[in-house]
Amino acid sequence: MKRKEFLIGFLLIFILTSGRLSNVSAVNYGIGVKQNEGLIWKCKVCNKVEMENIFGSEWDSSGIFTNLSKGANMKWKINSTEINSTIISIEYDIWYWNLGEEWGIKDNSSQITIFVDPDDYSTNYWFLNYTSLVPFLLPIPVGEYLGDLSVNLNDFYDVDNRVLPTLNVEVLKDNISPGYPNKDLKIIAIYNDRGILNSYKLYGKENTVIIDIALDFLPIYVIPSLIGLMVVFSIGVAFYIIKKKYPSNKK
Amino acid sequence: MNIRSRLLTRVKHLWDHKIFRYAIILHSFYFFLSIILFFLFYKEKNDFLIFYKVGNIFLNDIENMYNQAYYLWDFRYFPLSALFFIPFSILSFELAFVVFNIFNVLLNILISVMLYKVIILVRFKDHENDDKRVIIYLCVYLMGLPHILNYVYGQINSYITLFILISLYIFIKYQEIKWQLLGSIILGISIIIKPTAFFLIPFLIILKFDIKKKKFSLDFSTSAVRLIGVILPVLLNFILFFMYPPLWQGFLETNFTGSNPIALNFSFSISKLIINFCYLFNIPFNQLYILTGIICIIGGISFIIFILRKTDKHSIIYGFAFGIIIMLLAYYDSWDHHLLNLTPILIIILFNLPRHSVITKSIKSSLIFFSFFDLAFVGVWYLIYPLFPFNFEGTFFLLVSFYAVYKYLAKKNILHLKEDY
């Protein structure tokens, strides 16, 4: 009897406290980039003709796509980061897309402001102030932030944060304004764990890649891990072949 | 001896085995770990959140069941699956998750019982007469690492596995038509909950082609009963589709008409490996065409092999194995916890084969990989995905299993599979 009472009591306490327990895990969003940090993105694909067809002839004269072309790099230098209870503010210098090896003098300075609480965004929100239609920086943990933000995002956006924090965008012709965009487009934007845009792909008709931009940074562990995997796999295959060719006589 | 004392005696007998004690401790650890991880990290990022919501939506706003704005991730299953989640939707979310996972634990116990029963039924005559080896493999199932993800995400794979095993047991044990109908209805219910067993349907047809005689043989009545039984529960969904047309539209859009390119993930299906390849190298692709192509190739080959099989005894086990392997290789998202549907079938095959068969090694290595190593390669994928986004190791062992099943079905005399024959 005592055991039963104990179990019922335990269950009741659990039910009553489970809501409180869950509040313990409420996410505090922060900034993933550091002051004086340099970020470089590389453009792998740029179909200028298609971009002109979609966004008009001025598509690369201002905004994040300024002077964008295949093989070009863009650099940001983070000047300051600030976070208060409502807003995250990041000031940075920008060197727009260029093919040269020297960066020279910065092209512009700018500021990003992001709400700390994704609920503060208005419903049906879209990132229209970015030519790319997605931000280049997001708060961390980015997967959770995108998940919370998804409630307020416009129908164009679809968040997939199951594996890699991903923002999928699908905009149909004339959906933003008449003639803009002039064709249907899709975007896949993947962020790294520091909230930095890691990969940006803009797709056109029949899923052809029109723009491919990637963060020019490879974590130090990637190549050793890949080599390790290949070595283990090769040894495994070799071991299997040897065993098959020279089976042990032990029966 | 009544049931309780029989049960106690049986548990005591099992407890005498060291590996069983380890398996119970480890499995309990998985359960408690999942509860802790849920409350600390995964409360707002797990599959159960979708199941929990769909139960509510079914009751209050059924027409919007496929409105994906309501869900964290897409709800894709048949509408009647929501019925299953309604009882959980009545509870608070946290409590529902814990109760759901307690059910998962109980289901794993039932799965072990069913697995044992099927093994005893189909065990090849040259295996040991005692059940020591059977217990070891039951423990392998219980200790499998995919259980961690199954619990953490609040997934429903254990339900599917249990239904598959019950139907398999019925198909093998009872030959009467009424039992064949019951077995297939149970399989149909599993498809309603989650369509993992969908590709098992063709293998319910008792069709065979004798190459020498160049003659088809078909057990029409049993095949027809099985097909009716499995399709009937699935068809019940169409009553809902008929009553609420937006449901049909939403179901189609979510599952079949999407042609968007999809970003990288660590699924080990062939479709996903191809999609990841296309994504990485900027090759235009349509995910629906890739899916259809893989289903046609893998499914077609499997069905042809199955029809041309040289042996009939317990061939349904191998048909089930094919069906699950097709799903895992073809569907976009094949995760580690989906392997819980396959590993029990592989264990049954191990016992159905001669004790020292030449294909035992292939099945055994796949089973061990799926149970203990596949999860590690998910971690490896995260380390290497910027350069090499292919979680191909699971695919490799699925193909090994596929080849082993083919080898069994292609041999005329199963004794030929013995290593020392």
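**Helix packing, burial and contact**

Modeller: This is a predicted model. Start in chain B: α5(B) packs with helix α8 (residues 157-173) at an angle of about 25°. Their axes are 9 Å apart.

Colleague: Why is α5(B) called roughly parallel to α8(B)?

Modeller: Angles under 35 degrees count as roughly parallel. The angle here is about 25°, so α5(B) is roughly parallel to α8(B). The crossing is left-handed.

Colleague: Which residues make the contact between α5(B) and α8(B)?

Modeller: From α5(B), they include B:Leu107, B:Ile111, B:Met114 and B:Lys117. From α8(B), they include B:Tyr159, B:Leu162, B:Leu165 and B:Lys173. By class, the contact of α5(B) with α8(B) has 15 nonpolar, four polar and two charged residues.

Colleague: What makes helix α3 (residues 142-149) of chain A largely enclosed by the rest of the structure?

Modeller: A residue is buried if 20 or more other C-beta atoms lie within 10 Å of its own. Six of the eight residues of α3(A) are buried, so the helix is largely enclosed. The buried ones are A:Val142, A:Gly143, A:Tyr145, A:Leu146, A:Gly147 and A:Leu149.

Colleague: What covers the buried residues of α3(A)?

Modeller: The cover includes β5 (157-160), β6 (166-171) and β7 (185-191) of chain A.

Colleague: How many residues does the contact take from chain B and from chain A?

Modeller: Chain B gives 27 residues and chain A gives 31 residues. On the chain B side, α2 (18-42), α5 (93-122) and α16 (360-384) each give two or more. That side divides into 18 nonpolar, five polar and four charged residues.

Note on methods. Residues numbered from 1 in each chain as written. Chains lettered and ligands numbered in written order. Predicted model: local features only at pLDDT ≥ 70, side-chain atom pairs only at ≥ 80, totals over all residues. Contact = placed C-beta atoms within 7 Å. Helix = DSSP H or I, 4+ residues; strand = E, 2+ residues; numbered from the N terminus. Nonpolar A, V, L, I, M, F, W, Y, C, P; charged D, E, K, R; others polar. Axes fitted to C-alpha atoms, helices over the stretch in contact; angles between N-to-C directions. Parallel < 35°, antiparallel > 145°, perpendicular 65-115°, else oblique. Left-handed = near helix turned anticlockwise from the far one by under 90°. Buried ≥ 20, exposed ≤ 12 C-beta atoms within 10 Å, placed from the backbone.
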